Amino acid sequence: MRGVMAVMLLALATPAWAQQEEAETPAFDRPGLGFSASVLPQGGVALELGLPSYERNRDDDGTRTTQYSTDLLLRVGLGANLELQAFGSPWNRLREAPRDAPSATTRGAGDSGVALKFALPIDSDRHSVALLASTSFDTGSRGFSEGGTQYQLGASYEYTFNDQWSGALYANATRGAGEDAFSWSPSLSLAVSDTVSTYIEAGFTHTNGESSTSVAGAGITWMAARRVQLDASFDVGLDSNSPDLQAGLGVSFYFE
């Protein structure tokens, strides 16, 4: 009798288990300039890591700077189309090499912050919109901190053309730490296969009292496992005010 009951329980549990196994992994926010226009389901957790990010630039005086940074983003699904995020940059390394002077290297942590993401309840298979309100705090080391609290409000709109192609438009306003800035970025993505996707993007930033900047680049993602994504991306400066090169490698994990 016990054996029959065990078989019946297993038969009842198998469809639910299989459905859970086949559930699609939610979209990660990295890589790219923007963020995904969706939130994690209630109880879902994502950990997204930059390992590391790289930036290289040479200014008008001939000083060459090279920076490596680690980025960490923790996302928790709250339900009701809401998601809580915590982010930071625990390790940075900056090397400055003036034209006619010895180079100097500094290390330290960057600022950290929290954010709340809300996906608009749009009844559409093609359109999706999300808002992201965040606050970053002056917790970083000298040289890697914005020098005060910053507030940001971002929006991401995604449109699905078909099973392979999708487009997105991202915008973000920043205020605080003596800086007011507005950024926006269009992008186009292609699903090459069930596990590999690529994208191209451009980004434009206007900061009050400073020169505007513009970049363009591309990236690729690979679902190495059902809950693990690897990524690589780069952006190049389109003008003299922008960093010459920004690039990064990353890994993202999803937990239920």
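**Exercise 1. Find the partner that aspartate 29 meets in a salt bridge, and work out which parts of the chain the pair ties together.**

*Solution.* Step 1: in this predicted model, aspartate 29 forms a salt bridge with arginine 75, and their closest N and O atoms are 3.7 Å apart. That value passes the test, because a salt bridge needs the nitrogen within 4 Å of the carboxyl oxygen.

Step 1: Aspartate 29 sits in the loop between helix 1 (2-22) and strand 1 (45-58), while arginine 75 belongs to strand 2 (residues 64-79), so the pair ties together parts that are 46 residues apart in sequence.

Step 2: check the surroundings. Aspartate 29 and arginine 75 are both buried.

**Exercise 2. Arginine 75 also meets glutamate 83 in a salt bridge. Which residues are joined into one network?**

*Solution.* Step 1: recall the general idea. Side chains of opposite charge can pair when their charged atoms come close.

Step 1: look at the second pair. The side chains of glutamate 83 and arginine 75 meet at 2.7 Å, N to O, and both of these residues are buried.

Step 2: follow the shared partners. Salt bridges link Asp29, Glu48, Arg75, Glu83 and Lys117 into one network. For the whole chain, the count comes to 7 salt bridges.

**Exercise 3. Are arginine 30 and aspartate 231 buried or exposed?**

*Solution.* Step 1: start with the contact. The side chains of arginine 30 and aspartate 231 form a salt bridge of 2.8 Å, N to O. This pair links distant parts of the chain, with arginine 30 in the loop between helix 1 and strand 1 and aspartate 231 in strand 13 (residues 228-237), 201 residues apart.

Step 1: apply the cut-off for buried, which is under 20% relative accessible area. Arginine 30 counts as buried because its relative accessibility is 16%. Aspartate 231 has a relative accessible area of 5%, so aspartate 231 is buried too.

**Exercise 4. Describe how strand 7 pairs with strand 6 and with strand 8.**

*Solution.* Step 1: take strand 6 (residues 112-119) and strand 7 (residues 127-137). They run antiparallel and are joined by 8 bridges. As an example, alanine 115 has serine 134 in strand 7 as its bridge partner.

Step 1: turn to strand 8. Strand 7 and strand 8 also run antiparallel, with 10 bridges between them. Here serine 128 has glutamate 158 in strand 8 as its bridge partner.

**Exercise 5. Which residues form a nonpolar patch on the surface, and where does leucine 153 lie?**

*Solution.* Step 1: name the members. Phe118, Leu120, Ile122, Leu131 and Leu153 make up the patch, with about 390 Å² of accessible area together.

Step 1: focus on one member. Leucine 153 is in strand 8 (residues 150-160). Its relative accessible area is 53%, so leucine 153 is exposed, given that exposed means over 50%.

**Exercise 6. What does the side chain of serine 183 make a polar contact with?**

*Solution.* Step 1: locate serine 183, which is found in strand 10 (residues 179-191). Serine 183 counts as buried because its relative accessibility is 19%.

Step 1: identify the partner. The side chain of serine 183 makes a polar contact of 2.9 Å with the side chain of threonine 205.

Step 2: Apart from neighbours within four places in sequence, serine 183 is in contact with Tyr170, Ala171, Asn172, Phe204 and Thr205.

**Exercise 7. How many helices and strands are in the chain?**

*Solution.* Count both kinds of element: the chain has 1 helix and 14 strands.

Conventions:
Residues numbered from 1 in each chain as written. Predicted model: local features only at pLDDT ≥ 70, side-chain atom pairs only at ≥ 80, totals over all residues. Heavy atoms only, no water. Patch = residues over 30% accessible without salt bridge, like charges linked within 9 Å, V, L, I, M, F, W, Y side chains within 5 Å. Areas by Shrake-Rupley, 256 points an atom, 1.4 Å probe, with all protein chains shown as cover. Helix = DSSP H or I, 4+ residues; strand = E, 2+ residues; numbered from the N terminus. Buried < 20%, exposed > 50% of the residue type's maximum accessible area, 1.4 Å probe, protein only. Pairing = 2+ DSSP bridges. Polar contact = N/O pair within 3.5 Å; in protein donor to acceptor, adjacent residues only side chain to side chain. Contact = heavy atoms within 4.5 Å.
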